[in-house]
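Subject: Structure handover

Hello,

I am passing on the structure we spoke about. Please look it over first; my notes follow below it.

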Number of protein chains: 2
Amino acid sequence: MTEKTLRGLLSPVVTPFDADLKPDTKRWIEHSRWLLSQDCGLAVFGTNSEANSLSLDERLTLLDAAFEADLDPARMMPGTGACALPDAVTLTRRAVEGGCAGVLMLPPFYYKGVSDDGLFAFYDRVIQAVGDARLRIYLYHIPPVSQVPISLDLIERLLKAYPDTIAGIKDSSGDWANTSAMLDRFENFDVFAGSETFLLSTLRGGGAGCISATANINPAAISRLYKSWQAPDADKQQAAVTDFREAVSAYPMIPALKAAIAWATGDETWRNVRPPLMPLDGETGKGFVRMLEGRGFSMPGRRNID
Amino acid sequence: MTEKTLRGLLSPVVTPFDADLKPDTKRWIEHSRWLLSQDCGLAVFGTNSEANSLSLDERLTLLDAAFEADLDPARMMPGTGACALPDAVTLTRRAVEGGCAGVLMLPPFYYKGVSDDGLFAFYDRVIQAVGDARLRIYLYHIPPVSQVPISLDLIERLLKAYPDTIAGIKDSSGDWANTSAMLDRFENFDVFAGSETFLLSTLRGGGAGCISATANINPAAISRLYKSWQAPDADKQQAAVTDFREAVSAYPMIPALKAAIAWATGDETWRNVRPPLMPLDGETGKGFVRMLEGRGFSMPGRRNID
């Protein structure tokens with residue numbers, strides 16, 4: 001059965017890098033703590049975390065640091081998918097041993113056009129190798145990036161084989177018809193919208209919440225919508241968070257999120273990204289800041305650690 | 001300047017897996033030795049090697065085993081690209097330290113639609129971090145799988161910055177116009193066709209050879225074409241290797257290559273693939289074997305190690 005501790009709003013926690021582009025554990029913990037303080041769970045190692053730009057060892061080191069810092073594992077859903085089966089097993093096992101309430105698992109994404117049989121075999125082997133009844137897997141459907149979709153038939157087959165382990169999905173297809181079909185078709189399966197744009201629709205359809213990049217910088221408003229989705233002003237709240245999301249989405253998402261945190265904290269280190277991503281360049285960065293200023297953007301309570 | 005030891009035919013060496021789907025070093029060395037005996041170089045850790053289905057540690061262990069087995073590093077071009085910069089650096093460094101004449105480097109392939117600036121920064125950082133004048137990089141352009149192309153402008157920029165390090169490219173676009181444009185535009189840059197289908201055209205255009213999946217099972221005929229490409233029967237040779245390639249390509253390539261080796265050696269272990277790939281199923285496998293038999297297929301000198 002699905003753990004309710006992971007419902008609501010989660011953020012794919014952006015990963016800070018130091019001047020040598022190594023993961024900056026202190027800043028990462030600080031940002032994670034702030035997100036928790038805003039009622040936002042931690043989907044560390046997501047697409048917007050540059051997770052696949054981190055080595056396995058770097059991800060394991062960060063995860064251990066989170067446990068040592070006593071971040072609540074009941075609010076953690078680390079990304080543990082990988083192209084290589086042993087990497088997915090190692091990272092998933094560590095997450096479960098650390099008490100994470102769930103993991104968000106990309107399919108192996110190098111080969112394209114692979115069969116549902118092959119994807120089923122991948123998840124099946126991870127589940128068998130981890131061999132822990134505490135494991136809860138949220139599937140990660142993000143075809144615009146992974147180019148490897150998770151079909152409704154594959155979900156059905158996985159749910160039939162592992163009803164207690166397959167806990168839900170993050171749908172980052174951007175295709176509401178797909179999200180809606182999953183909400184209609186599956187029981188005991190927590191559907192998360194891939195962004196706050198579909199949060200209210202997802203909740204009205206019986207979904208569990210959303211896991212959204214912009215939660216890194218706008219968690220309070222999104223979390224409030226989650227908690228008050230049946231309130232009279234819910235549609236108005238939805239319009240406001242959607243509007244902010246769209247304003248940010250006019251820029252490359254990951255560099256923009258980091259630029260927003262750098263601006264809010266005065267900590268320029270936050271601008272660093274790993275190639276193949278690039279920081280916002282001068283003119284684009286200035287336009288982005290003007291947009292934030294024009295909206296009175298702030299991250300209340302978010303301070304620079306230095 | 002480019003090392004000539006890597007010209008001609010190379011094979012992305014298929015990676016054997018044991019019953020637990022762990023890399024089988026003995027069978028891998030045996031197959032590699034046979035390929036060398038057929039005048040076929042070793043592009044280990046290519047797409048058809050299931051390289052991205054191997055952990056970094058598994059790739060390092062295999063590479064060390066190749067060095068210990070005295071496979072000629074002057075004939076080795078391991079794939080060392082990765083999504084994560086540190087992985088690419090670690091693997092590239094090991095290859096250079098082991099004396100490999102070159103490396104074949106995928107761009108980071110998780111994020112799509114990335115900029116040439118970002119891809120340049122990735123290769124730049126790998127080159128700076130490895131910091132070894134012996135490094136020779138062959139770029140790996142395989143947009144049908146990676147979905148991250150290497151543009152002509154990016155090549156030009158890399159060649160200008162690192163004329164002694166950027167040694168060439170494997171063009172697996174399947175687009176002859178692109179291969180031809182690279183042959184025309186760049187000097188001191190070894191262009192390899194991504195399959196034997198374009199071998200003769202590539203050589204006539206001044207290219208270096210080909211790196212082909214089917215070289216795993218048909219190296220002698222392709223290598224002969226490379227060595228006698230100016231002979232009167234070259235077009236006839238080309239037609240024959242193309243015909244065989246097309247017959248194999250009617251099946252899923254990697255499982256088919258492994259099924260062919262299993263059939264030729266009587267060693268069923270060779271059929272194993274890692275998910276998300278699947279072995280050829282019963283009926284498909286039978287059809288494949290009938291195709292091989294009908295063509296009098298064999299792998300002369302290739303024996304089962306057991």
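Through which surface do the copies meet? This is a predicted model, and in it 100% of the interface residues of chain A are also interface residues in chain B, so the copies meet through the same surface. Chain A can be laid on chain B by a turn of 180 degrees and a shift of 0.0 Å along the axis, with an RMSD of 0.0 Å. That is the relation of a two-fold axis.

The interface

The contact involves 32 residues of chain A and 32 residues of chain B. On the side of chain A that touches chain B, at least two residues each come from α2 (56–68), α3 (85–97) and α4 (116–130) of chain A. The largest share, 6 residues, is supplied by α4(A). Sorted by class, this side of chain A has 20 nonpolar, 6 polar and 6 charged residues.

The sheet

Chain A has an open sheet of 7 strands with parallel pairing, in the order β2-β1-β7-β6-β5-β4-β3. At its edges stand β2 (41–42) and β3 of chain A, each with a single partner strand, so one side of each is left without a neighbour in the sheet. As background, strands of a sheet pair through backbone hydrogen bonds, either parallel or antiparallel.

Elsewhere in the sheet, strand β6 (residues 190–193) of chain A pairs in the parallel sense with strand β7 (residues 209–211) of chain A over 2 bridges. A193(A) is opposite C210(A) in β7(A).

Strand β4 (residues 137–141) of chain A is mostly covered, with 5 of its 5 residues buried. I137(A), L139(A) and H141(A) point one way from β4(A), while Y138(A) and Y140(A) point the other way.

On one pairing, β4(A) is joined by 3 bridges to strand β3 (residues 103–105) of chain A, and the two run parallel. In this pairing M105(A) stands opposite L139(A) of β4(A).

Regards

Methods
Residues numbered from 1 in each chain as written. Chains lettered and ligands numbered in written order. Predicted model: local features only at pLDDT ≥ 70, side-chain atom pairs only at ≥ 80, totals over all residues. Contact = placed C-beta atoms within 7 Å. Helix = DSSP H or I, 4+ residues; strand = E, 2+ residues; numbered from the N terminus. Nonpolar A, V, L, I, M, F, W, Y, C, P; charged D, E, K, R; others polar. Buried ≥ 20, exposed ≤ 12 C-beta atoms within 10 Å, placed from the backbone. Pairing = 2+ DSSP bridges. Least-squares fit on C-alpha atoms with pLDDT ≥ 70 in both.
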